[in-house]
Amino acid sequence: MDREQAVARLETLVDRVERETMPVPVREVWAFGDVALGLDPVERLDVYITKDVIMGGDTEAAADFAAEYGVKGVGTSVRAEWAEAHPDRVRTSDNGYAAPEKCLAAELVAADEPIHLEVCNASFEDNVRQRLKGALARDAYEEVLDPRGVCLWVDGTRDAEAFDRLREASLAMPTLPAALGMLGADEDVANEAADVLKRQRTEQEGSSVRGDMV
């Protein structure tokens, strides 16, 4: 998609998070990757969502939904009111529980869209550091999260200037190895991690999603 389309798609996504009931409470929405770098066209749109846990939960709704659909965790992992309104969008993990990140992807992103969604309970900046720390400890560079992000929406407040700067491609961003180096990665490791992420990215088609807990 061209840059204007990419930024417009981000605006639509934030509009929906602001106005509609999501599968889980959403605290932050970030954009990272190509769109933050000022590329045009944007091959894939990378979006990071910070979610909050559902406080209290609804065990009765969980039992009712499990009995009718065979899915656990509705009312605790994802909102019962959302699942009851959109049972066709409820997605599960391998253990049969409602998966917040997959439900958010089903709600917000079409299967054929070149959009990657990252969902975590931690803020973008905190998760960038945690992911890099774990990746360096295990030489698992595919787990690195590109730190070059832009916060679009947090706690109900939209950053209009961020959208303008994305549209203008006026954000100054370092290379990925340089950005990882700023976070403490050695030069050789930062270069290798950047190569791994580049290869991984070329293999992605359509929409994709990853969920994390920190």
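In this predicted model, the largest pocket has a lining of 28 residues, and D46, D146, L197, K198 and R201 are the ones nearest its centre. Four elements each contribute two or more residues to that lining: α2 (34-37), β3 (115-120), α8 (176-182) and α9 (187-202). The biggest share comes from α9, which supplies 7 residues. The space in the largest pocket amounts to about 660 Å³. Sorted by class, its lining consists of 13 charged, 10 nonpolar and 5 polar residues.

Across the whole structure, 4 aromatic pairs are found. One of them joins F32 and F124 in a tilted arrangement, with 5.8 Å centre to centre and 40 degrees between the planes. F32 belongs to strand β1 (residues 26-32) and F124 to helix α6 (residues 124-138), so this pair links parts of the chain that are distant, 92 residues apart. F32 counts as buried because its relative accessibility is 4%, under the 20% cut-off. F124 is buried as well, at 1% relative accessibility.

F124 also pairs with Y48, here edge-to-face, with 5.2 Å centre to centre and 80 degrees between the planes. Because Y48 lies in strand β2 (residues 45-51) and F124 in helix α6, the pair ties together parts 76 residues apart in sequence. Y48 has 0% relative accessibility and therefore counts as buried.

Key:
Residues are numbered from 1 along each chain as its sequence is written. This is a predicted model: local features need pLDDT of at least 70, side-chain atom pairs count only at pLDDT 80 or more; totals for chains, interfaces and linings use all residues. Side-chain values use heavy atoms; hydrogens and water are left out. On a 1 Å grid over the protein atoms alone, a cavity is a set of points where a 1.4 Å probe fits but cannot get out, and a pocket is an open set with protein on both sides within 12 Å along at least five of seven lines; lining residues have an atom within 4 Å of a point. Grid points are joined across faces, edges and corners, and a volume is the space filled by probe spheres set on the points. Ala, Val, Leu, Ile, Met, Phe, Trp, Tyr, Cys and Pro count as nonpolar, Asp, Glu, Lys and Arg as charged, and the others, Gly among them, as polar. Rings of Phe, Tyr and Trp (its six-membered ring) pair if their centres lie within 6.5 Å; planes under 30 degrees apart count as stacked, over 60 as edge-to-face and the rest as tilted. Buried means under 20% relative accessible area, exposed over 50%, partly exposed in between (1.4 Å probe, protein chains only).
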